Amino acid sequence: MTIKTFNYSVKDKNKSEFFETDYELELEVPASFIEKKSLLTNIKMGTREWAKKEVNCIKGCSTYCLYCYAKGIAKHYKRCIEETWKNMEINWSVVNKNYGRVRKKGFQPYDIMFPTSHNIIIDEPYFSACTTILKKLLDSGNTVLVTLKPSLNVVKSLCELFQNYREAMTFRFTIGSTNSNLLKVLEINAPSFEERLESLKYATIKGFNTSISIEPLLDPTPFKLIEKLESHLPLLNYERDIGTIWIGLLKTQYIPINLRKGDVKELLKHLYPKMQFEHVYHYYEKLYDHPRIKWKESIVKMMILNDIKVKGLTA
Ligand code: SF4
């Protein structure tokens, strides 16, 4: 779907404490309310922004992020409770079956995203289960986006095992803050910022395609993260989504109410104002022409709702 647009400028209609100077917004809005609504409805969300299909082989995830969407869905369908999400169970039928080439057509640059509802950890038998599937997916001719909150030992092992598949796979490392203490508040057993940065450096130096997901963004703005990460990415290939940096907001609805206390409560108190349009627009506008940046649906929707132009939508 392409949007019909018209342009106009307004003087600082959203001025707030976050803006130091006056500015002019160039707006592009859908020609009608109906088109805008249809655009919002049709935007691809979550994993569908990146790949045609997703594959997972483990129920539960020991990395345990409080905001986890997969956990939220599993709880909704009574497949786990908050306390049991950390217990991982391999789905051997998924591991043992054969995989063909994904035939589905789509705009997404990758055939398959693996995994989406668990992390890859080095402990056995989980690591072998994951690498067995990954090899099958790649051997069938699929392009695979390997999404991780990366531990260095996992990345080193994957690089060694899959060095002959470098063309067909891309790592996407989730790194939402430069502050390891802050990451620890919501991503309980996930690696530190420093370890994730080392993982990125390692994979890129080894000649793998790498990219970043700053979702959820837990820092006040993404500038510091971009500054620290950008130089460790490979050459940009925007079409193939290699060397890109995706930015998206925290979805707070999956954080259990009873866990919103202490550090979690404090962090959320600081984060809420940073997730409002006025603040997000502040960095959106500055990064709009940054060649590596792509915006996740949470920010794209926010911009459309506020009549701000968005880049290259495919719906
Ligand atoms: S690593 Fe991913 S799947 Fe695992 S708990 Fe965190 S958000 Fe959920």
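Among the contacts in this chain between residues at least 6 apart in sequence, 78% join residues at least 24 apart, where two residues are in contact if their C-beta atoms, placed from the backbone, lie within 7 Å. What you have open is a predicted model, in which local features need pLDDT of at least 70, side-chain atom pairs count only at pLDDT 80 or more, and totals for chains, interfaces and linings use all residues. Residues are numbered from 1 along each chain as its sequence is written.

Begin by colouring the chain by pLDDT, the predictor's confidence in each residue, from 0 to 100. The chain averages a pLDDT of 88, and 86% of the residues score at least 70. Next select residues 1-27, over which pLDDT stays under 50 and for which the model has 42 contacts beyond four places in sequence. Where pLDDT is low, the predicted coordinates should not be read in detail.

Now switch to a cartoon view, in which 11 helices and 11 strands can be located; helices (H or I, at least four residues) and strands (E, at least two) are DSSP runs, numbered from the N terminus. Select the seven strands that form an open sheet with parallel pairing, in the order β3-β6-β7-β8-β9-β10-β11, two strands being paired if DSSP finds at least two bridges between them. At the edges stand β3 (51-54) and β11 (293-295), each with a single partner strand, so one side of each is left without a neighbour in the sheet. Within this sheet, zoom in on β6 (residues 110-114) and β7 (residues 144-148), which run parallel and are joined by three bridges. F114 has V146 in β7 as its bridge partner.

For the ligand, select C61, T63, Y64, C65, C68, A70, K71, S117, H118, N119 and K149, which surround it, each with its C-beta atom, placed from the backbone, within 6 Å.

Finish in helix α8 (residues 223-229), which holds I226. Is I226 buried or partly exposed? I226 is partly exposed, because 19 other C-beta atoms lie within 10 Å. A C-alpha to C-alpha distance drawn from I226 to I212 reads 9.4 Å, the two being 14 residues apart in sequence.

Methods. A residue is buried if 20 or more other C-beta atoms lie within 10 Å of its own, exposed if 12 or fewer, and partly exposed in between; C-beta atoms are placed from the backbone.
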